[in-house]
Amino acid sequence: MSTVFGVPTQALFGQLLIGLINGSFYAVLSLGLSVIFGLLNIINFAHGAQYMMGAFAAYFLLQWSGLGYWWALLVAPIVVGFFGIVLERTMIRRLYHLDHLYGLLLTFGFALVIQGMFRHQFGSSGLPYAMPAQLAGGRNLGFMFLPNYRAWVIVFSLGLCLGTWYVIERTKLGSYLRAATENPALVQAFGVNVPRMVTLTYGFGVALAGVAGVLAAPIYQVNPLMGADLIIVVFAVVVIGGLGSIMGSIITGFTLGVVEGLTKVFYPEASNTVIFVIMAVVLLFRPTGLFGQDK
Amino acid sequence: MVLLLVVAPFFVYPLFLMKALCFGLFACAFGLLIGYVGLLSFGHAVFLGSAGYISAHTAKVWEWPPELAILAGTVAAAALGVVIGALAIRSKGIYFANITLALAQMVYFFYVQAPFTHGEDGIQAVPRGMFLGVFDLRHTLTMYFVVLAIFLAGFLVIYRVIHSPFGQVLKAIRENEPRAVSLGYAAERYKLLAFVLSGTLAGLAGGTKAIVFQLASLTDVHWTMSGEVVLMTLLGGLGTVFGPVVGAFIMITLEHYLAQLGAWVTVVQGLIFVVCVLTFRRGVVGELAKLIKRPL
């Protein structure tokens, strides 16, 4: 067996793949956080819980109505996103005139409630979710074995990220959004319904978390706490990339996933902390993150 | 209030009171930072938990007397405060919250893997020992009065700090940082000092807690603990002197009586969070202070 830097290539590429998968989730989740932060100025602490809800929604759809993975990929984000819209309409919107730390505290409260309820109902052990039949199996690339589903997750996440980036940075709707983050009063004066835009943006950001949850369901077990620990890492990713930066979230998300995977090969003890170490170093030199601007 | 706390152990379960006092001090230390400097540190559990580990380790493995063990924990928390503070203080608002959270998480993973913490088991059966060589802490009441003394000392420090010129500068920075800077105050140095002080006192609480419960575990370093202390302070009242203590007592009481409900505890906590943020942001003591028109 051939080796690279004393590490078997099979292990190296295996971890690289796991890194890319984790990176996909980091990217999609931190993208959602960035979109929400950009327009609402709220750090959505409930993002992890909403990701978990996405996975559970997929599970319920299968159990109760027999709707499989592909339907779940469409329906679950809509359900979770709608739930987000209700939260925004009824509660989050009352906080806009306050210090944005209150938004963080409120969404932290949501996260506790949601996770507590799911844990009460389902315990802490995971529920299995079967992989869609079309994506079962995998192919041999010669140097490694690539499971089809994992390839699909990476490709789909990348497409989703780039699509979102395109809409926000290159279309008319996106330019309204960006203008509203700069000066909501002025944009409103031009006849754009900014409050509705804010609501829909929150819904969209939450829906992104929901999609990530559906994507994750067949890989990890569906578990009430699956979002709780992931979200802390995603926060670090967001801080490194720069809060509110769309491209920053995508690039740092994928990069850090890979970096984490490689650390697992070369120095396993540090794999949990490497992202936080990178964050500390980045912040020493750029307090607003790699792609962030002062607000 | 002091009188009440002195007679309390004869009526209420002392271990419960000691837990409330430790968390009261922890919440006060945290409240100093958010209430008077306007910095939301979302990783404050790191000071509580680190001091707990250091105190437990020095008391158990190195067989230090309890006062030295607690002191060691406190000093360690202070040192950690300098490092984390120096890294985090340059950023503001949400960035500050995220950075403290992430740095705390880094330390958490260190404790998960470091051999001396014994991972999931934690450091168990920490001896309480003889306080100053005179007081036998194995007696629950003696332990209680030592904890009470530590709590009052810590509380007095915070009270003095808030009502000192230094505290006034902190408040000025909270209200309008550029203006404080233009008046010639080195705002960053003041903020760092306040951060270290807050971390040190949180460490004092953590070290004491480890000796009282003879245990240091991962729970105290986990980020949910950081969230809990935010809730205590918010519930009691941001920017009030007594608020954090009251909040801590309410929370510990709730946890004590809701313990058999299992996962519902988090739901209740979350609901309190939501209700606090939405309807009474001043907290219990803050609303009271408004009612009697006096700062508390």
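This is a predicted model: local features need pLDDT of at least 70, side-chain atom pairs count only at pLDDT 80 or more; totals for chains, interfaces and linings use all residues.
Q: How many residues of chain A are in contact with chain B?
A: On the chain A side 43 residues take part, and they are in contact with 36 residues of chain B.

Q: What's the area buried between the two chains, and what share do carbon and sulfur atoms give?
A: About 3,800 Å² is buried between chain A and chain B, and carbon and sulfur atoms give 79% of that.

Q: And how many salt bridges across that interface?
A: Zero, going by the rule used here for chain A and chain B.

Q: OK, new topic. Which residues form the nonpolar patch on the surface?
A: The patch is made of V2(B), V6(B), V7(B), F10(B), F11(B), V12(B), Y13(B), L141(B) and F145(B). Together they have about 830 Å² of accessible area.

Q: Which helices supply at least two residues of it?
A: In chain B, those are α1 (2-7) and α6 (140-162). The largest share, three residues, comes from α1(B).

Q: Where does Y13(B) lie, then?
A: Y13(B) is in a loop of chain B, the one between α1 and α2 (14-36).

Q: Let's move to α3 in chain B. How many residues has it, and what's its reach?
A: Helix α3(B) runs over residues 45-60, so to speak 16 residues, and reaches 22 Å from its first C-alpha to its last. That is close to the 22 Å expected at 1.5 Å a residue.

Q: Is α3(B) mostly covered or mostly open?
A: Mostly covered: 14 of the 16 residues in α3(B) are buried.

Q: Now over to chain A. Where is H47(A)?
A: You'll find H47(A) in helix α2 of chain A, which spans residues 47-65.

Q: Why does H47(A) count as buried?
A: Because its relative accessibility is 0%, and buried means under 20%.

Q: What is H47(A) in contact with?
A: Leaving aside neighbours within four places in sequence, H47(A) is in contact with L29(A), G32(A), L33(A), I36(A), G205(A), A209(A) and I231(A).

Q: Last one: A180(B). Where is that, and is it buried or exposed?
A: A180(B) sits in helix α8 of chain B, residues 177-182. A180(B) is buried, with a relative accessible area of 2%.

Q: Which residues is A180(B) in contact with?
A: Beyond neighbours within four places in sequence, A180(B) is in contact with A172(B), I173(B) and Y185(B).

Q: And what separates the C-alpha atoms of A180(B) and L170(B)?
A: Those two C-alpha atoms are 9.1 Å apart, while A180(B) and L170(B) are ten residues apart along the chain.

Notes:
Residues are numbered from 1 along each chain as its sequence is written. Chains are lettered from A and ligands numbered from 1 in the order in which they are written. Side-chain values use heavy atoms; hydrogens and water are left out. Patches are made of residues with over 30% relative accessible area and no salt bridge: like charges are joined within 9 Å, nonpolar side chains (Val, Leu, Ile, Met, Phe, Trp, Tyr) within 5 Å. Accessible areas come from the Shrake-Rupley method with a 1.4 Å probe; for residues, only the protein chains shown count as cover. A salt bridge is a side-chain nitrogen of Lys or Arg within 4 Å of a carboxyl oxygen of Asp or Glu. Helices (H or I, at least four residues) and strands (E, at least two) are DSSP runs, numbered from the N terminus. Buried means under 20% relative accessible area, exposed over 50%, partly exposed in between (1.4 Å probe, protein chains only). Contact means heavy atoms within 4.5 Å. Buried area is the accessible area (1.4 Å probe) that two parts lose on being put together, summed over both.
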